[in-house]
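Please read the following account with the sequence and the model side by side, and follow each contact in the coordinates as it comes up.

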Amino acid sequence: MTQTDRTRLFDRIYALVREIPPGRIATYGQIAGIVGCTARVVGYAMAATPDGGGVPWQRVINSRGEISARPGDGASRQRALLDREGIRFSPAGRVALDEVRWSGPGWEWLERNGYDPGA
DNA sequence: AGGTTGACAAAGG
DNA sequence: GCCTTTGCCAACC
């Protein structure tokens, strides 16, 4: 590996988020558990995610099933994007994670990216 | 080289 | 079910 590990870490997160299909929602903890880091790092990586980079950052929310506060006022934009994908929000602004929760990437994707599906 | 910050999560009250 | 505290690890200053 010619690049530093930290670059690979962000790259892993972006690659994984990119695998989230439309109409599906993943939590920070879920992503963190797969890439092998804490949820906070995932949140920081999302904050550094460039718009239009092909990374559906909008499909990543907190474990409470709600859009967490983020710099600026892009929260409503994220909500609009998810609503466009068919995600329904509760009156409290929360989503039913039990229904739209992402099942995670396929085992072949994991193996292809150097993960260990058995673990 | 060291301290602070942060799009969080899990546990406790 | 909601709010507070604790732990977490990488990026940023």
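A polar backbone atom of Ala69 lies 2.7 Å from a sugar or linking oxygen of DNA strand B, a polar contact being a pair of N or O atoms within 3.5 Å, where within protein one must be able to donate a hydrogen and the other to accept it, and residues adjacent in sequence count only if both atoms are side-chain atoms. The elements that give two or more residues to the surface near DNA strand B are α2 (28-35) and α3 (39-47), and α3 contributes the largest share, five residues; helices (H or I, at least four residues) and strands (E, at least two) are DSSP runs, numbered from the N terminus.

This is a predicted model, in which local features need pLDDT of at least 70 and side-chain atom pairs count only at pLDDT 80 or more, whereas totals for chains, interfaces and linings use all residues. Residues are numbered from 1 along each chain as its sequence is written, chains are lettered from A and ligands numbered from 1 in the order in which they are written, and side-chain values use heavy atoms, with hydrogens and water left out.

In all, 14 residues surround DNA strand B, the closest being Arg40, Trp57, Ser63, Ser68 and Ala69, where near means that a heavy atom of the residue lies within 4 Å. Of the atoms of DNA strand B that come within 4 Å of the protein, 48% belong to sugar and phosphate. By class, this surface has six nonpolar, six polar and two charged residues, with Ala, Val, Leu, Ile, Met, Phe, Trp, Tyr, Cys and Pro counted as nonpolar, Asp, Glu, Lys and Arg as charged, and the others, Gly among them, as polar.

Which element gives the most to the lining of the second largest pocket? Helix α1 does, with four residues, and the residues that line this pocket are Arg8, Asp11, Arg12, Ala15, Trp109, Asn113, Gly114 and Tyr115. Helix α1 (residues 5-18) also has the lowest mean pLDDT among the elements of chain A, 86, while strand β1 (residues 26-27) has the highest, 98; pLDDT is the predictor's confidence in each residue, from 0 to 100. Chain A as a whole averages a pLDDT of 90, and 92% of the residues score at least 70.

Finally, Asp51 forms a salt bridge with Arg77, their closest N and O atoms being 3.4 Å apart, where a salt bridge is a side-chain nitrogen of Lys or Arg within 4 Å of a carboxyl oxygen of Asp or Glu. Asp51 lies in the loop between α3 and β2 and Arg77 in helix α4 (residues 75-84), so the pair ties together parts that are 26 residues apart in sequence.

Conventions
On a 1 Å grid over the protein atoms alone, a cavity is a set of points where a 1.4 Å probe fits but cannot get out, and a pocket is an open set with protein on both sides within 12 Å along at least five of seven lines; lining residues have an atom within 4 Å of a point.
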